[in-house]
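This report describes one protein model, from its helices to its side-chain contacts. Please look at the sequence and the structure before reading on.

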Amino acid sequence: MYFNLTKNIKKIISEFNNLGKYTKTLLKVGSIVSFILLILGALLVIVNHFFMSKDLFYELVARTLVKNSFTILAEAIIGSLVLDYLFKKS
């Protein structure tokens, strides 16, 4: 079972290494934007809880930033992989 798992992981890594230049750039930019939004949301949660009077509006904005960061990361990954597949196929 362990052999199959390492074999699958190696196959995934080799497929990611075969991605096109623009696909890798899109993945990097999407990951960076997602990470920045995640950090901003987390900082807003911390500031709201410790330095403000726990305002519900800031709490909502912070949670929305964190949720949207994961959505943007998923869209960047899925979108770049689909674009790579379409452009390599044609």
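A residue is called buried when its relative accessible area is under 20%, exposed when it is over 50%, and partly exposed in between (1.4 Å probe, protein chains only). With a relative accessibility of 68%, Phe51 therefore counts as exposed.

The model is predicted: local features need a pLDDT of at least 70, side-chain atom pairs count only at pLDDT 80 or more, and totals for chains, interfaces and linings use all residues. Residues are numbered from 1 along each chain as its sequence is written, and side-chain values use heavy atoms, with hydrogens and water left out.

**Helices and the loop**

Helices (H or I, at least four residues) and strands (E, at least two) are DSSP runs, numbered from the N terminus. Phe51 sits in the loop that joins α2 (21–50) to α3 (56–89). Lys54 belongs to the loop between α2 and α3 as well. Lys54 has a relative accessible area of 52%, so this residue is exposed. Its phi is near 55 degrees, a positive value in a residue other than glycine. Most residues other than glycine have a negative phi.

Helix α2 has 30 residues and spans 43 Å from its first C-alpha to its last, close to the 44 Å expected at 1.5 Å a residue. The expected span is 1.5 Å times one less than the number of residues in the helix. Which residues of α2 are buried? They are Thr23, Leu27, Gly30, Ser34, Gly41, Leu44 and Asn48.

**A nonpolar patch**

Patches are built from residues with over 30% relative accessible area and no salt bridge; like charges are joined within 9 Å, and nonpolar side chains (Val, Leu, Ile, Met, Phe, Trp, Tyr) within 5 Å. Accessible areas come from the Shrake-Rupley method with a 1.4 Å probe; for residues, only the protein chains shown count as cover. A nonpolar patch on the surface has about 1000 Å² of accessible area in total, and its members include Ile12, Phe16, Leu26 and Ile78. The elements giving two or more residues to this patch are α1 (2–17) and α3. Helix α3 supplies the largest share, 8 residues.

Ile78 is located in helix α3. Its relative accessible area is 55%, so Ile78 is exposed.

**Salt bridges**

A salt bridge is a side-chain nitrogen of Lys or Arg within 4 Å of a carboxyl oxygen of Asp or Glu. By this rule there are 2 salt bridges.

| Salt bridge | Closest N to O |
|---|---|
| Lys88 and Asp84 | 4.0 Å |

Glu59 and Arg63 are 4 residues apart in helix α3, so about one helical turn separates them. Lys88 and Asp84 are also 4 residues apart in helix α3, again about one helical turn. An α-helix has 3.6 residues a turn, so residues three or four places apart point the same way. Glu59 is buried at 15% relative accessibility, and Asp84 is buried at 10%.

**An aromatic pair**

Rings of Phe, Tyr and Trp (its six-membered ring) pair if their centres lie within 6.5 Å; planes under 30 degrees apart count as stacked, over 60 as edge-to-face and the rest as tilted. The whole structure holds 1 aromatic pair. Phe57 and Tyr58 form this edge-to-face pair, with 5.8 Å from centre to centre and 65 degrees between the planes. Phe57 is exposed at 53% relative accessibility, whereas Tyr58 is partly exposed at 32%.
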